[in-house]
Amino acid sequence: MTGRMKGTPRSPRMDESGVTVLADRTLESLLSEARPDIAGILDGVMTGRELSPPDALTLFGAEGPDLQAVLKTADELRRAKNGDVVTFVIVRNINFTNICYTGCKFCGFAKRKDDPEAEFLTLDEIARRAEEARQRGATEVCIQGGLFPNIAGTYYRDILTAIKTRVPDIHIHAFSPFEIKYGSERMGIPAREFLIMLKDHGLGTIPGTAAEILDVEIRQQLTRNKLTAEEWISIVKTAHGLGIRSTSTMMYGHIDGPEHWVGHLNTLREIQKETGGFTEFVPLGFIHWDAPLYYAGGARPGPTRDENLKVHAIARIFLNGWIDNVQVSWVKLGPRLAQYVLKNGGANDFGGTLMNETISRSAGAPHGEEVTPLEMCRMIRAIGRTPARRNTLYDILERYDDHDPPDIPPLVPRTPDQERQLAAVNNGF
Ligand code: SF4
């Protein structure tokens with residue numbers, strides 16, 4: 001319970017990038033400066049009340065001191081659930097093909113077959129990359145690709161077999177609900193049968209990507225509704241029912257707004273109440289640089305800083321007790337804002353080391369494609385938290401209280417700009 005106290009407003013301390021530093025403020029003092037309706041909602045949350053969709057919408061309207069109170073509430077809930085550990089996972093992204101003619105308007109990743117950058121990895125190359133990842137300490141490979149025309153549905157199964165034959169103990173986190181739908185259609189079998197086949201061949205979990213915003217009108221504009229919200233929900237629930245857990249995601253900052261974010265979070269919370277299958281929630285800010293939708297003048301240039309802060313914090317509050325892992329995507333936010341959200345805004349997981357991130361990079365994101373385990377640890381310590389390596393299901397594998405992971409160079413050499421950016425974020429706030 002947080003008591004409301006009268007307080008004297010004071011000038012907030014700002015970090016060097018102009019963001020208010022909240023670590024030295026108490027929730028009580030911030031609530032005392034907040035609007036009464038917002039303070040009332042946040043007080044209720046701290047006494048265990050579930051955040052309702054209308055109240056979540058009110059919180060998305062928070063600015064200035066009200067926003068600081070929202071962030072602090074999210075941070076208190078994070079601390080209660082996750083303590084002072086910030087986790088990460090050593091993972092390699094393997095995007096086995098970028099050839100895709102689906103035409104999603106936000107996508108800067110898809111290429112035509114005759115594009116010089118078009119790529120389709122052989123099974124041998126996919127397995128080789130998985131083996132190389134294992135040698136670099138990975139416990140997981142994340143496999144996703146475009147919807148390659150005329151691919152055999154069995155190729156998805158064959159990818160799993162190729163990896164498991166070469167690296168039996170690696171966790172395979174693979175195939176979005178859109179790929180599950182596509183593969184099952186290519187084989188002419190229901191999604192459930194397709195998922196059972198994949199599980200039998202080594203599928204561990206699935207990414208909850210391709211969710212974008214689970215709203216009919218928005219999806220109509222983003223993807224021509226080729227994977228409907230109902231289909232996404234049905235595939236995810238089916239996977240969970242088969243013991244195949246998944247992440248959950250939301251892509252925001254394009255043609256959407258707070259009412260869509262609240263609807264989306266509510267859908268995820270309802271699914272979780274039914275299945276318990278989500279491991280985490282990962283907000284994914286829209287990367288606009290190479291997105292057709294942006295160039296056609298139909299979208300905003302990604303979320304603002306405040307929108308990024310609000311989405312992570314309000315997700316923490318909204319999903320509290322149901323999905324208690326909120327991840328920052330450092331490729332979308334950039335390492336510095338990712339650190340800020342972890343320190344002040346309710347997130348508890350730094351995501352993956354990635355090794356070969358190509359989806360955001362292809363869309364123009366400038367933040368590089370790998371953060372090594374040692375760099376993860378340094379960035380986490382720089383915000384005063386304890387780094388810990390986890391597996392896909394959030395079991396802690398190693399805490400770095402008093403030692404470091406091995407210092408290995410990035411798989412793909414960085415540009416000088418990327419090196420400078422990473423060096424800067426080791427200093428904290
Ligand atoms: S988002 Fe995926 S399905 Fe859509 S165009 Fe891009 S690669 Fe294809």
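1. The shell then holds Cys100, Thr102, Gly103, Cys104, Cys107, Phe109, Ala110, Gly146, Leu147 and Phe178. By class this shell has seven nonpolar, three polar and no charged residues; Ala, Val, Leu, Ile, Met, Phe, Trp, Tyr, Cys and Pro count as nonpolar, Asp, Glu, Lys and Arg as charged, and the others, Gly among them, as polar.

2. A word on the source: this is a predicted model, where local features need pLDDT of at least 70, side-chain atom pairs count only at pLDDT 80 or more, and totals for chains, interfaces and linings use all residues. Numbering starts from 1 along each chain as its sequence is written.

3. On to the sheet. It is open and parallel, with six strands in the order E2-E3-E4-E5-E6-E7. Helices (H or I, at least four residues) and strands (E, at least two) are DSSP runs, numbered from the N terminus, and two strands pair if DSSP finds at least two bridges between them. E2 (91–95) and E7 (278–285) are the edge strands, each with a single partner, so one side of each has no neighbour in the sheet. From one strand to the next, the twist averages 25°, with axes as lines fitted to C-alpha atoms and angles running from 0 to 180 degrees between N-to-C directions.

4. Tyr252 has Gly285 of E7 as its bridge partner.

5. Two backbone angles deserve a look. Most residues other than glycine have a negative phi. Phe175, in the loop between strand E4 (171–174) and helix H7 (177–187), has a positive phi near 75°. Phe175 counts as buried because it has 28 C-beta neighbours inside 10 Å; the cut-off for buried is 20 or more other C-beta atoms within 10 Å, with C-beta atoms placed from the backbone.

6. Ala210 has a positive phi too, near 65°. Its place is the loop between strand E5 (203–206) and helix H9 (216–223), and with 23 other C-beta atoms within 10 Å, Ala210 is buried.

7. Finally, the domains. The chain splits into domain 1 (27–82) and domain 2 (85–427), with bounds from an automatic or database domain assignment. Their centres, taken over C-alpha atoms, are 28 Å apart. The contact (C-beta atoms, placed from the backbone, within 7 Å) takes 17 residues from domain 1 and 22 residues from domain 2. On the domain 1 side, helix H3 (53–60) and helix H4 (64–82) are the elements giving two or more residues, and H4 provides the largest share, 10 residues.

Notes:
A residue is near a molecule or strand if its C-beta atom, placed from the backbone, lies within 6 Å of it. A residue is buried if 20 or more other C-beta atoms lie within 10 Å of its own, exposed if 12 or fewer, and partly exposed in between; C-beta atoms are placed from the backbone. Two residues are in contact if their C-beta atoms, placed from the backbone, lie within 7 Å.
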